[in-house]
Amino acid sequence: MSTPSSRNLANLESVSKVYGTRTLLDGISLGVGEGDRIGVVGRNGDGKTTLIRVLAKQEEPDAGRVTHVGGLRLGLLTQHDSLDPAATIRQEVIGDLPDHAWAGDARVRDILTGLFGGLDLPGFPQGLETVIGPLSGGERRRIALAKLLIAEQDLIVLDEPTNHLDVEGISWLAGHLRARRSALVIVTHDRWFLDQVCTRMWDVQRGAVHAYEGGYSDYVFARAERERIAATEETKRQNLMRKELAWLRRGAPARTSKPRFRIEAANNLIADVPPPRDSAELMRFANARLGRTVFDLEDVTVRVGADRELLRHLTWQLGPGDRIGLVGVNGAGKTSLLRAMAESAADPDGERGGSPLVTAGRIKVGKTVRLAYLSQEVREVDPTWRVLQAVESVRARVELGKGREMTASQLCERFGFSKERQWTPVGDLSGGERRRLQILRLLMDEPNVLFLDEPTNDLDIETLTQLEDLLDGWPGSLVVISHDRYFVERTTDRVFALLGDRTLRMLPRGIDEYLERRAAGKQTAPAGQAAAPAAAAGAPAPAQLSRAAQKEIQKIERQLERLEGQESELHKEMAEHATDFARVAGLDAQLRELAARRDELETRWLELSEGS
């Protein structure tokens, strides 16, 4: 129910909805009040989208009643837009408003800049005059979101609004929605976004909807506590949620704020839960499986096409047991870097390491590397195969490290394929289920290096926690590209960024530091324009700086390169002496000192680049 002091805008009274033999909503009674900010979670296929479509009167319930307050202005973002393909972006988003009217509205300017990078829509060939028809699904979705946000609404209902947005776009959208007065109902798998925006949660499970106060972190605690009190038999699910709760309570290195809840029972619930990963033990396992060399990039230049240089003179090392998050502006080369490394692993003796993307330098690959690369494209499996058959065709059982072993069927269950669902033909699976199957097949091949490019696409929250739990005990080297900052912070230990200046930089403070650097880069752009992606947050234009500042910046960058080499050597030593805890503690202290020094240098770099 909504809070007692607010007026209800929309109500569901004893609503039921059945598809075929599946009951998705069974006698649901809920209300959305003024000022409510509700996040909707649940497994794929359990009825989240059906719930909000019924709430918005886009679908009729089979039983019960849906009522809206008189004159309700409701905005709905579905997963399939209704934009006119013959119209221009201006016609759909701005309408008939003259330029001086919308350009003088701070809210409209903020929405266009936040979603498109500038008032002139730099990512579109004709700006506002671009015709919608030929655009991609992701571009159309951003246009539909902009159209909805520019309008005045009493209630906004959003189905997966963060899809096709990068880390910056998601951060902007969270801030924008927090500042709006409209009531919100949001279906999303982005847990960081839920924590930032929502103050209530609806959990859709097997026809029922359970309501919780607070954001995602509070929901994790409250659900785990409810299941503990109810003494359910779902032990695996309870243990997973207790582990995630422990991580949330302790706080990830890159998180700047702790979850809102401060209930003593939370500490009792997780008192015996260890940290998600035993880093020293995993490092020792990884070193045994991989040796010293995994990927060494020496003075590498990466090009796409004849004239597009993405990375220049990059020297970088991915070592045994490294868990790296890779973020960056769209088009800066994140996927191209992984592709170059993957192609080099497939042909390590080829020219420049075996990748045509590498035009200078060389990528060296360790002899023991077994790479699994999850790309953004879902590789098709024979549609007539059953799910279990598709997994067992890779291997019947898999070694997960630390003596843990699973059969193909057990791993399928961990990823949400019940015994019955394992006999479903692959051709009958949803997009999210196919993504799960792709990840399963990769893990069954027992890789010791994992490249995951947007692994969270189409996965629900429960499947994400299952994947995170598996990765916690997986001994190998990991690189993750994702716009889901919760997943990046949860699964990786260090964050590197491609900021559009053809270099790769380590960010000691993680994604928060990335957003700060991007904001600083945009502030140096001309008024009314966003920084161009190729120059955003990179080295400032020399003409803007004094000669002394330029020299100091160059000196700092050389010092940062040396620091990165020293950090790499320390990580090697930690891997070699993983069982000598006194030695590891000393090396860790040195690593912290280097990180502090790096932070000082990077802060000074930013001050100089901003002309401070």
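How many disulfides does a search of the whole structure find? The search finds 0 disulfides, a disulfide being a pair of cysteine sulfur atoms within 2.5 Å.

## About the model

This is a predicted model, in which local features need pLDDT of at least 70 and side-chain atom pairs count only at pLDDT 80 or more, while totals for chains, interfaces and linings use all residues. Residues are numbered from 1 along each chain as its sequence is written, and side-chain values use heavy atoms, with hydrogens and water left out.

Cys 198 has a relative accessible area of 1%, and Cys 412 comes in at 0%. Both count as buried (under 20% relative accessible area; exposed is over 50% and partly exposed lies in between, with a 1.4 Å probe and protein chains only).

## The six-stranded sheet

An open sheet of 6 strands runs in the order β14-β17-β18-β12-β19-β20, with mixed pairing. At its edges are β14 (371–374) and β20 (504–507), each pairing on one side only. From one strand to the next, the twist averages 20°. Helices and strands here are DSSP runs numbered from the N terminus (H or I of at least four residues for helices, E of at least two for strands), and two strands pair if DSSP finds at least two bridges between them.

Inside this sheet, β12 (residues 323–328) and β18 (residues 477–481) run parallel and are joined by 4 bridges.

Helix α12 (residues 334–346) lies across β12, β14, β17 (449–453), β18 and β19 (494–498), at about 150° to β14. Helix α15 (residues 431–444) lies across β14 and β17, at about 175° to β14. Axes are lines fitted to C-alpha atoms, for helices over the stretch in contact, and angles run from 0 to 180 degrees between N-to-C directions.

The largest nonpolar core has 75 residues, and Phe 295 and Leu 318 have the most contacts inside it. Helix α15 gives the most to this core, with 6 residues. A second, separate core of 47 residues includes Trp 102, Leu 115, Leu 135 and Tyr 212. A nonpolar core is a set of buried Ala, Val, Leu, Ile, Met, Phe, Trp, Tyr and Cys residues joined through side-chain atoms within 4.5 Å. Leaving aside neighbours within four places in sequence, Leu 318 is in contact (heavy atoms within 4.5 Å) with residues including Phe 295, Ile 324, Met 341 and Phe 451.

## A hairpin and a helix pair

Strands β8 (residues 200–205) and β9 (residues 208–213) pair in the antiparallel sense over 6 bridges. Together they form a hairpin with 2 residues between them, and Arg 206 in the turn has a positive phi of about 45°. Val 204 stands opposite Val 209 in β9.

Helices α4 (residues 106–116) and α6 (residues 167–179) pack at about 155°, with their axes 8 Å apart. They are therefore roughly antiparallel (over 145 degrees; under 35 is roughly parallel, 65 to 115 roughly perpendicular and the rest oblique). Asp 110, Ile 111, Gly 114 and Leu 115 in α4 meet Gly 169, Trp 172 and His 176 in α6.

Glu 454 sits in the loop between β17 and α16 (461–472) and is buried, at 6% relative accessible area. Its C-alpha is 7.5 Å from that of Ser 375, although Glu 454 and Ser 375 are 79 residues apart in sequence.

Thr 50, in helix α1 (residues 48–55), is also buried, at 10%. Not counting residues up to four places away in sequence, Thr 50 touches Lys 17, Tyr 19, Leu 24, Leu 25 and Glu 59.
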